[in-house]
Amino acid sequence: MLDEKNLHADDASIGSLLCKRQAGHTLPAQLYISQAAYLADCDAIFAKHWIAVGVDCDVEEPGDVIAIEIGTSSIVIVRDDDMNIRAFHNVCLHRGSRLVPPGRSVVGKLVCPYHQWTYDLDGALALAPQMGVDFDRSLHHLKPVALRSIGGILYACLSDEPPDDITHLINKVGPRLAPYDLTNAKVAFETEIIEDGNWKLTMENNRECYHCASNHPELSLSFHSADFGFDPEGLTPTEKDEADALAKAYEEQGKIWETQGLDPTAIEHTVGYPTNFRMQRLIIAGLGESQTMDTRAASAIPLGNMTMSGSGDLHLWGINSWNHIMADHAVIFTAFPMGPGKTLVRTKWLVNKDAVEGEDYDLDHLTAVWKATNAEDANLVALAHQGVSSAGYRPGPYSPFTERALDEFATWYVERMTAHGYAT
Ligand code: FES
Ligand SMILES: [Fe+2]
């Protein structure tokens, strides 16, 4: 049964809950389940930080448009006639109507469905019927949204003062993504699922693999579970041998990656920074090529300048995203809150734009692992949300070995909510 008090937390109680969050533990229930916390997250996190919204190849051609709901807001991303990618608030300058429905469309101009105010792809108001000869259209330009393409992944910030540490993502992650040239990839397949859980539970779930061995038989074929931390005192002799062998493999593979210009070092940019991200390059298990059911490459044409020579899985986590970038394909995930207990997870499988379905890749081979894993994760997130909504829930301890990244994410969350005035 739901605790009624939990469902009606107000801003003041959010503040006191943020202050009470105990290090090393999950958050108080109301921060996951209350409407007030959802609205506070939409404001302080999703409207004030750099949020992953899509990929360059969502809008390949002039006139391609994609509208993305970000919490209670919406943006429209367009490729203009000069091939620039621009983003605007998806709000008409007349009486505020949403301009473009969620998802993809192809347009010549952006036409508001309400009274047909019409905007050029650069946001200029081109037509406003019945407004009189003295009406100055130049004063009604669509409101731009800050947008950056980093290695072909699009990040947007709704704020007029976006955090300037996006330069860390540009300077540190950009060069590592460059060899994959995701700007010249295509979206081979896309799914949207709605998880019945709070977005923070979705993000906690994908930042650990404590749950992988028992829940993800498909993903575990290509993952080394030791990559995600372990208690050295708790290993069986066999597990210890495996962990030692993996450490040795990283030593050797790290040298090879360096000679290939693929930086093997991990990047941590979480607590203390507005723009939260982590990156590491992982050795793929099995035959070592890709996250597929047979661990072989799914696409015969590599991404960008890559070869199929064991470049591993470049793993990138952000505030609302997680990504696996391999030599042959990339899987790009973005998560958006739709309510306290509903989160949209959008997954895109990217391949080289010259790869032809049925010839160079088979869609089932490409998508089987993450389709199955997404369904398994959606179930786990729903179970977690049910649990934190229950009277018996108390914040629980993270494993210091396998859930350090979650503790850091929760610490970062409290820090950012505090920075935006939600702590009392
Ligand atoms: S609200 Fe857009 S034209 Fe009126
Ligand atoms: Fe998972």
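Tutor: Asp-227 is buried, with a relative accessible area of 16%, where buried means under 20% relative accessible area, exposed means over 50%, and partly exposed covers what lies in between (1.4 Å probe, protein chains only). This is a predicted model, in which local features need pLDDT of at least 70 and side-chain atom pairs count only at pLDDT 80 or more, while totals for chains, interfaces and linings use all residues. Residues are numbered from 1 along each chain as its sequence is written, chains are lettered from A and ligands numbered from 1 in the order in which they are written, and side-chain values use heavy atoms, with hydrogens and water left out.

Asp-227 sits in the loop between α7 (212-215) and α8 (237-259); helices (H or I, at least four residues) and strands (E, at least two) are DSSP runs, numbered from the N terminus. Leaving aside residues up to four places away in sequence, Asp-227 touches Leu-246, Tyr-250, Gln-280, Leu-282 and Ile-283, a contact being heavy atoms within 4.5 Å. Asp-134, by contrast, is 93 residues from Asp-227 in sequence and 65 Å from it in space, C-alpha to C-alpha.

Turning to the charged pairs, side chains of opposite charge can pair when their charged atoms come close. If a salt bridge is taken as a side-chain nitrogen of Lys or Arg within 4 Å of a carboxyl oxygen of Asp or Glu, the count comes to 18.

One of these salt bridges joins Arg-104 and Asp-58, at 3.1 Å from N to O. Because Arg-104 lies in strand β5 (residues 103-106) and Asp-58 in the loop between β1 (51-55) and β2 (64-70), this pair ties together parts that are 46 residues apart in sequence. Asp-58 is buried at 6% relative accessible area, whereas Arg-104, at 42%, is partly exposed.

Asp-80 and Arg-86 form another salt bridge, with their closest N and O atoms 2.7 Å apart; here Asp-80 is buried at 4% and Arg-86 partly exposed at 31%.

In a further salt bridge, the closest N and O atoms of Lys-143 and Asp-160 are 2.8 Å apart. Lys-143 lies in the loop between β8 (125-127) and β9 (146-150) and Asp-160 in the loop between β10 (153-157) and α5 (166-177), so the pair ties together parts that are 17 residues apart in sequence. Lys-143 is partly exposed at 37%, and Asp-160 is exposed at 63%. Elsewhere, Asp-58, Arg-104, Glu-190, Glu-192, Arg-346 and Lys-348 are joined into one network by salt bridges that share partners.
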